[in-house]
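Subject: Structure for your review

Dear colleague,

I am passing on the structure we spoke about, so that you can look at it alongside my notes. Please open it first and then read on.

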2 protein chains.
Amino acid sequence: MAKWQDPKWQAAMAVGLDYANMMSERLGTKQGLSTVQLKGLRAPLGAAHKALNLARTTGKLPFYELPYEKKRVGEVKAIAAAAKGKFENFIGLGIGGSALGNLCLHSALNHFHHNELSAKQRKGLPRVYVPDNVDPDRMNALFDIVNLKKTCVNVVTKSGNTAETMSQFMVIVDKLSKAVGRKNLPKHLIVTTDREKGNLKDIARELGLMTLEVPDGVGGRFSVLTPVGLLSAAFSGIDIDELLAGAAAMDKRCLSPDPAKNPAMLFAGLTYLATEEQGKNIHVMMPYSNRLYLLADWFRQLWAESLGKRVNRKGKVVNCGPTPVKALGATDQHSQVQLYVEGPYDKLTCFLRVENFERDLAIPRLFKDKDGIAYLGGQSFGALLNAEQAATEVALTQNQRSNMCLKVPAVNAFTMGQLIYLLEAATAYAGELYNIDAFDQPGVEAGKNATYALMGKKGFEAKRREIEQSFGKSRYRA
Amino acid sequence: MAKWQDPKWQAAMAVGLDYANMMSERLGTKQGLSTVQLKGLRAPLGAAHKALNLARTTGKLPFYELPYEKKRVGEVKAIAAAAKGKFENFIGLGIGGSALGNLCLHSALNHFHHNELSAKQRKGLPRVYVPDNVDPDRMNALFDIVNLKKTCVNVVTKSGNTAETMSQFMVIVDKLSKAVGRKNLPKHLIVTTDREKGNLKDIARELGLMTLEVPDGVGGRFSVLTPVGLLSAAFSGIDIDELLAGAAAMDKRCLSPDPAKNPAMLFAGLTYLATEEQGKNIHVMMPYSNRLYLLADWFRQLWAESLGKRVNRKGKVVNCGPTPVKALGATDQHSQVQLYVEGPYDKLTCFLRVENFERDLAIPRLFKDKDGIAYLGGQSFGALLNAEQAATEVALTQNQRSNMCLKVPAVNAFTMGQLIYLLEAATAYAGELYNIDAFDQPGVEAGKNATYALMGKKGFEAKRREIEQSFGKSRYRA
């Protein structure tokens, strides 16, 4: 039995949410929430719970079932196992939801300088790169350091039409063909896309490439626990069974209709009140942990793309959506906290606090005669970082700034699974409270069409002329 | 003569600001600015210009003169020249303003995977690390990959009391002493701190360490063009003369009292109007360039810590300050643009567009039979990225979302110097418009004191008891 399968260990690893610093007891009545406001949430949260349960049981929200997908996970594990020891590098090509989850898991669960470790230190696992953009300087730099003959590439796009990913794909097919020969492409290229349709699926068939499936009905921002996020994780040695067990453990808690026992419900309800009743339109996620920083980046997409909507389900124009901001403790105490403490009352800060670090670092007892720093000697970096987290809570709260804290016993695959599932489920609840569709993204079409027009795609000639006419030479410049 | 000394080249490299997409001509009268509003800015901007000039000429704002500091720059260059070829690694220890500028310059001007290049590819220049936090997992990971015998460490703190930096310093003194012997510390450790006072200065004297000076009156967030930011730049081969020449070129433009010719004045005036007259409390900086992403991070500190203030100069409580947000194009089109296009009208987005990339990447003409992607073949990554930038401008503007664009002819030390100086000068102007002190940070004291209390520093016992009483066990958790 693996450590994470022990129910006692699982209980000790439960992520908790503390929101005392959002309440009027600590913030005063003007910036704090009252128990009456909390009670007022019960009915809408209860309705949301019911509606989501119905959608789930009728198969309309398949992301809920991802912790229990045996078949696709088996495929991912088999591919990773077969590849073990064969590659020096793994490159994940994708953008947005096809990259953010991978980066989040990789940075949380692998060595901070994974790619700079020697092959021996990496235990034969490949270096992992997810360029996540089409910046030519950045992409060229990647090709300077990887030997494509020793590289496995995973291309991820559900539609097979994403301009950035397909451009990357075209470049990599060309470069890999030159490096290893066209007939060897199937040994180096794995495609993750729609089950049946799309350009990438067709090309994979033509070239004989291995394919993994992005399940139907799971949008990019909810896809980290599908092959989209799991393949790079498995390649780099992350225990994806442990990750999914963490998600399942959180799912269990989120089945409760009682907000006091359901962290996702609470997270959604509290953030909704802060935004809609208190005008806090900025939601800062501030982990005191470098390993969790890119979780905040992954959350940015989840929260922004799900809740940033022009119309509600009744077609009424609402232009809603809090703006997620990522910050890093303690670093951003020296950058953002001045504003958080003294600026407008427009923020809700959610801390992530890690109770136990994997390897703490002792501060030696040096310079005992120097008053200003002697107190540091004999303590540890972990203790300092957590004292700073607590101190920032104190500073924000004493200045009536709303904040809450997700307490993470330790950073591991099990707690990452919990955090991911918690935030996904919270997003679904929040969508219900706003009464919007949290699973579409109609606002990105305008930009896509303009890109097609400017890149000369057939059928977009009129759009191009329209843009050229409206966006002529600017009189306003310096 | 170096290329950057040619006036023609300099003119071709001038950074421009285009704000047509903030005006009512394009956004309509509700979200756009009128020419009347722009005219209304002339008087306050004129007064700001006068006040800042007076402060500058009376020596109260020494950051303005940093492009012309010969002595300190000479010291930096001499140290870097003497160290050339001697070290495999350079570690910069500092936090906030003592790290963000270094990271910004390094990521903009060195190879994207600099630390993964071979020594030969790096031309003997050291790898560069700026951990910028006290996360123990992150710091331990760094010690896994650097050989301290081949490492030069620069410790940066003006006061010599910064808890995070001095903890890092204590660890590094201990580890270096074990690796190279205490008597060899001066060969590996360089201190950047106050000219005369503070614990770090005292320790440097005792240990015989080389010291560089943080000039008086230049706060952390304005210090990138002092030895604070210049030493790591010089170590990694960045031409700091070119950087300072870029800053000087921008200074020349910012001496103009005419907003139409002074980009810093314009930037400040426009962002002020958007915030105070249009309620856009979120300022997104969105470079379409991975190399400029950390400039947006550096700007976050500059903007937030300078403008986030509780009281104005008359002592009136104002709780002002826009919240800076960093975003990355094209990546964040797949994460944030849905919200930017459809969410609340609470944002001003400032794009950074790079006209010429150092190395473009051609997209091969493959898959000509696939309609959805064939149009990409024969184009380039640079063209795609810039089409996406233009397309996002179109999408935002057609949805009445305020945006402007800093146009950067190419990313090099000269344009980086311009951008840094422009944004610093803009911050000073904005401080005048808000009538606040843009150069202090009183709001960080509360958190520092709470940290001292929780870490058991002498003299903070009462504070500790107060915290323990106010922040006891929480009833609000799940």
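This is a predicted model: local features need pLDDT of at least 70, side-chain atom pairs count only at pLDDT 80 or more; totals for chains, interfaces and linings use all residues.

The contact between the chains draws 126 residues from chain A and 126 residues from chain B. On the side of chain B that touches chain A, the largest share comes from helix α16 of chain B (residues 381-398), which supplies 12 residues. Sorted by class, that side of chain B consists of 60 nonpolar, 40 polar and 26 charged residues.

The domains of chain A

Within chain A, the domain assignment gives domain 1, made of 7-56 + 256-434, and domain 2, which covers 70-214. The centres of these two domains of chain A, taken over C-alpha atoms, are separated by 33 Å. Where they meet, domain 1 of chain A contributes 12 residues and domain 2 of chain A contributes 11 residues. On the domain 1 side of chain A, α13 (293-307) and α17 (413-434) each supply at least two residues, and the largest share, 6 residues, comes from α13(A). The residues on this side of domain 1 of chain A divide into 8 nonpolar, 2 polar and 2 charged.

Helix packing in chain B

In chain B, helix α13 (residues 293-307) packs against helix α17 (residues 413-434) at an angle of about 20 degrees, and their axes are 10 Å apart. Because angles under 35 degrees count as roughly parallel, α13(B) and α17(B) are roughly parallel to each other. The crossing in which α13(B) passes α17(B) is right-handed. On the α13(B) side the contact residues include Leu295(B), Phe299(B) and Trp303(B), and on the α17(B) side they include Leu419(B), Leu423(B) and Tyr434(B). By class, this contact of α13(B) with α17(B) has 9 nonpolar, 3 polar and 1 charged residues.

A second pair in chain B is formed by helix α18 (residues 445-454) and helix α19 (residues 461-470), whose axes come within 8 Å and cross at roughly 95 degrees. The helices α18(B) and α19(B) are therefore roughly perpendicular to each other. In this contact, Asn449(B), Ala450(B), Ala453(B) and Leu454(B) of α18(B) meet Lys463(B), Arg464(B) and Ile467(B) of α19(B). The contact of α18(B) with α19(B) has 4 nonpolar, 1 polar and 2 charged residues.

Backbone details

Lys123(A), found in the loop between α5 (100-109) and β3 (127-129) of chain A, has a phi near 55 degrees, which is a positive value in a residue other than glycine.

With kind regards

Key: Residues are numbered from 1 along each chain as its sequence is written. Chains are lettered from A and ligands numbered from 1 in the order in which they are written. Two residues are in contact if their C-beta atoms, placed from the backbone, lie within 7 Å. Helices (H or I, at least four residues) and strands (E, at least two) are DSSP runs, numbered from the N terminus. Ala, Val, Leu, Ile, Met, Phe, Trp, Tyr, Cys and Pro count as nonpolar, Asp, Glu, Lys and Arg as charged, and the others, Gly among them, as polar. Domain bounds come from an automatic or database domain assignment. Axes are lines fitted to C-alpha atoms, for helices over the stretch in contact, and angles run from 0 to 180 degrees between N-to-C directions. Angles under 35 degrees count as roughly parallel, over 145 as roughly antiparallel, 65 to 115 as roughly perpendicular and the rest as oblique. A crossing is left-handed if the near helix is turned anticlockwise from the far one by less than a right angle, and right-handed if clockwise.
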